[in-house]
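Visitor: Could you walk me through this structure? I have not seen it before.
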Amino acid sequence: RHAPWIEHVNKGSAADAHERMGMAFMHVAMSSDEVPSCGESVACVSGGNGTMRLYDMTTMQQIYEFSGHSDAVNMSTFNLSCDMLVSASDDCTLRLWRLPEYDNINRRVINIGKCVRVLRGVPQGYAHGHNDAVTQCDFTPDGLVLVSASDDKTVKTWDLDTGLIFRTLTGHIGWVTA
């Protein structure tokens with residue numbers, strides 16, 4: 001049996017997927033290759049309930065759930081080495097996650113994944129952060145910088161080691177969604 005999000009992609013039935021998963025999903029990120037900590041290709045489904053669910057692409061079973069955002073997760077993406085994940089949320093934050101270690105033979109999580117850094121927005125007290133929903137995020141190819149876009153009409157580049165902003169790009173007349 002396929003995971004509900006796969007059924008949605010195949011059948012275009014968001015209502016059915018929402019009912020079966022218990023959450024609306026916003027985005028599906030696919031790992032580019034086998035994830036080192038999991039030994040499998042995985043997919044991350046970003047949810048309208050502030051969580052993200054990780055699925056084993058071989059069995060189509062959920063193997064982990066990340067939680068921590070206080071509002072919908074608009075998207076998530078893996079870094080090139082597939083050992084980290086970043087999420088963008090309506091709560092004006094980005095979160096950097098370490099993936100869980102997964103035993104793909106016995107199909108169980110060995111070490112849990114966890115949030116290793118929160119890139120805060122204005123509502124969380126960081127004056128230079130986003131002050132509206134963060135809609136997009138991605139790693140630079142070297143994995144050292146994160147780029148984010150927001151409904152606050154800005155694009156920001158973040159230093160992942162420090163969590164500080166390198167640059168804010170302004171000038172958009174509307175929401176930045178891609």
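Visitor: What share of the contacts between residues at least 6 apart in sequence joins residues at least 24 apart?
Guide: Of those contacts in the chain, 40% join residues at least 24 apart; contact means heavy atoms within 4.5 Å. This is a predicted model, in which local features need pLDDT of at least 70, side-chain atom pairs count only at pLDDT 80 or more, and totals for chains, interfaces and linings use all residues. Residues are numbered from 1 along each chain as its sequence is written, and side-chain values use heavy atoms, without hydrogens and water.

Visitor: How many aromatic pairs are there?
Guide: The count comes to two aromatic pairs. Rings of Phe, Tyr and Trp (its six-membered ring) pair if their centres lie within 6.5 Å; planes under 30 degrees apart are stacked, over 60 edge-to-face, and the rest tilted. Y64 and F66 form an edge-to-face pair, 5.0 Å centre to centre with 70° between the planes.

Visitor: And which residue forms a tilted pair with F66?
Guide: W97 does, at 5.1 Å centre to centre and 55° between the planes. This pair links distant parts of the chain, with F66 in strand β4 (residues 61-67) and W97 in strand β7 (residues 94-98), 31 residues apart. Strands are DSSP runs (E, at least two residues), numbered from the N terminus. Y64, F66 and W97 form one aromatic cluster.

Visitor: Why does W97 count as buried?
Guide: W97 counts as buried because its relative accessibility is 3%, and buried means under 20% relative accessible area (1.4 Å probe, protein chains only).

Visitor: What about the whole chain: how much is buried?
Guide: Of its 178 residues, 48% count as buried.

How values were computed:
Buried means under 20% relative accessible area, exposed over 50%, partly exposed in between (1.4 Å probe, protein chains only). Helices (H or I, at least four residues) and strands (E, at least two) are DSSP runs, numbered from the N terminus.
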